[in-house]
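Please look over the structure shown below, with its sequence alongside.

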Amino acid sequence: MAKKKQRQQRQQQAATPATLAASRAGVEFTTHSYEHDPSAASYGTEAAEALGIAPERVFKTLVAEVDGAMTVAIVPVSASLDLKALASAAGGKRAAMADPRAVERSTGYVLGGVSPLGQRRRLPTVVDASASAHATVCVSAGRRGLEIELAPGDLAALTGAASAAIARTSELS
C-alpha cells in the first residue's frame, strides 16, 4: 500500500498532459525521469542510455504530413521512420516530415518532448508493429527528460493508433 502511494505521489509530481491522459484512462504506467543534456544529439537515444533501457523499447514520437494532414508516427529510437510506409499505413500517397513549428502548435509540446499522449488535438497515429513484441515500451511523457512506460496495447488504445511496419533499421549500426 505504501509503495502504491509513493508511486502515485511521484506520478503527480511529474504530471504532464500525457501522464494526466494515462491516469484519466486508468492505464497502468510508470514515469522515468533523467537529467536532459541540451547538447545530446538525439533525444530518444539519450533517454534510452540515461535510463538503461534497450533502444528497441524506447520509442520516439515524430510528426509528418501525409497528403497534407498531420500524422503521428511512433518508432523505436534505434530505427528511422520510413515515410513511404507511413504514407501507406495512413492511407495516403506521400509523406514528409512536418514543420517543427507546426508540430509544436498542433501537439502542444516542444520538440524533444513531444508525446503521443495528451496532445492538444488528436492526430491520426501509427505505431510501429515492433512495439507489440515488448511487454512495455517507453515514449516521451511530454517534456525533455521524462518518459512514460506503458503496455503497447494501452499506447495504441490511448492514441487510437494503427499498427504497421513503419520503421527502417539502419544498415550502418
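This is a predicted model: local features need pLDDT of at least 70, side-chain atom pairs count only at pLDDT 80 or more; totals for chains, interfaces and linings use all residues.

Leaving out residues up to four places away in sequence, Thr159 touches Pro116, Leu117, Arg122, Leu123 and Thr125.

## The five-stranded sheet

An open sheet is formed by five strands in the order β5-β2-β3-β6-β9, and its pairing is mixed. The edges are taken by β5 and β9 (162-164), each of which pairs on one side only, while the twist from one strand to the next averages 35°.

Within this sheet, strand β2 (residues 59-66) and strand β3 (residues 69-76) pair in the antiparallel sense over eight bridges, with Ile74 in β3 as the bridge partner of Thr61. The two strands form a hairpin with two residues between them, and in the turn Asp67 has a positive phi of about 50°. On another pairing of β2, three bridges join this strand to β5 (residues 95-97), and the two run antiparallel; here Val66 stands opposite Ala95. By contrast, β3 and strand β6 (residues 125-128) pair in the parallel sense, over three bridges. Both senses of pairing are known in sheets, whose strands pair through backbone hydrogen bonds, either parallel or antiparallel.

## Glu65 in strand β2

Glu65 is found in strand β2 and is partly exposed, with a relative accessible area of 32%. When neighbours within four places in sequence are set aside, Glu65 is in contact with Met70, Arg94, Ala95, Ala96, Met97 and Ala98. Glu65 and Ala87, separated by 22 residues in sequence, lie 8.7 Å apart in space from C-alpha to C-alpha.

A second open sheet has three strands in the order β1-β8-β7, with antiparallel pairing. Because β1 and β7 stand at the edges with a single partner strand each, one side of each is left without a neighbour in the sheet. The twist averages 35° from one strand to the next. Between β1 and β8 the antiparallel pairing extends over four bridges, and the bridge partner of His32 in β8 is Glu147.

Helix α2 lies across β1, β7 and β8, and runs at about 120° to β7. The buried residues of this helix, which covers residues 17-24, are Ala18, Thr19, Ala21 and Ala22. Seen down the axis of α2, these buried residues fall within an arc of 155°, so they line one face of the helix. An α-helix has 3.6 residues a turn, so residues three or four places apart point the same way. After α2 comes Gly26, whose phi is positive, near 75°.

## Two salt bridges

A search of the whole structure finds two salt bridges. In one of them Glu149 pairs with Arg57, the closest N and O atoms being 2.8 Å apart. Since Glu149 lies in strand β8 and Arg57 in the loop between α3 (43-51) and β2, the pair ties together parts that are 92 residues apart in sequence. Glu149 is buried, with a relative accessible area of 17%, whereas Arg57 counts as partly exposed at 23% relative accessibility.

The side chains of Arg101 and Asp99 also meet in a salt bridge, with a distance of 3.7 Å from N to O. In this pair Arg101 is exposed, its relative accessible area being 58%, while Asp99, at 33% relative accessibility, counts as partly exposed.

How values were computed: Residues are numbered from 1 along each chain as its sequence is written. Side-chain values use heavy atoms; hydrogens and water are left out. Buried means under 20% relative accessible area, exposed over 50%, partly exposed in between (1.4 Å probe, protein chains only). The arc is that of the directions from the helix axis to the C-beta atoms. Two strands pair if DSSP finds at least two bridges between them. Contact means heavy atoms within 4.5 Å. Axes are lines fitted to C-alpha atoms, for helices over the stretch in contact, and angles run from 0 to 180 degrees between N-to-C directions. A salt bridge is a side-chain nitrogen of Lys or Arg within 4 Å of a carboxyl oxygen of Asp or Glu.
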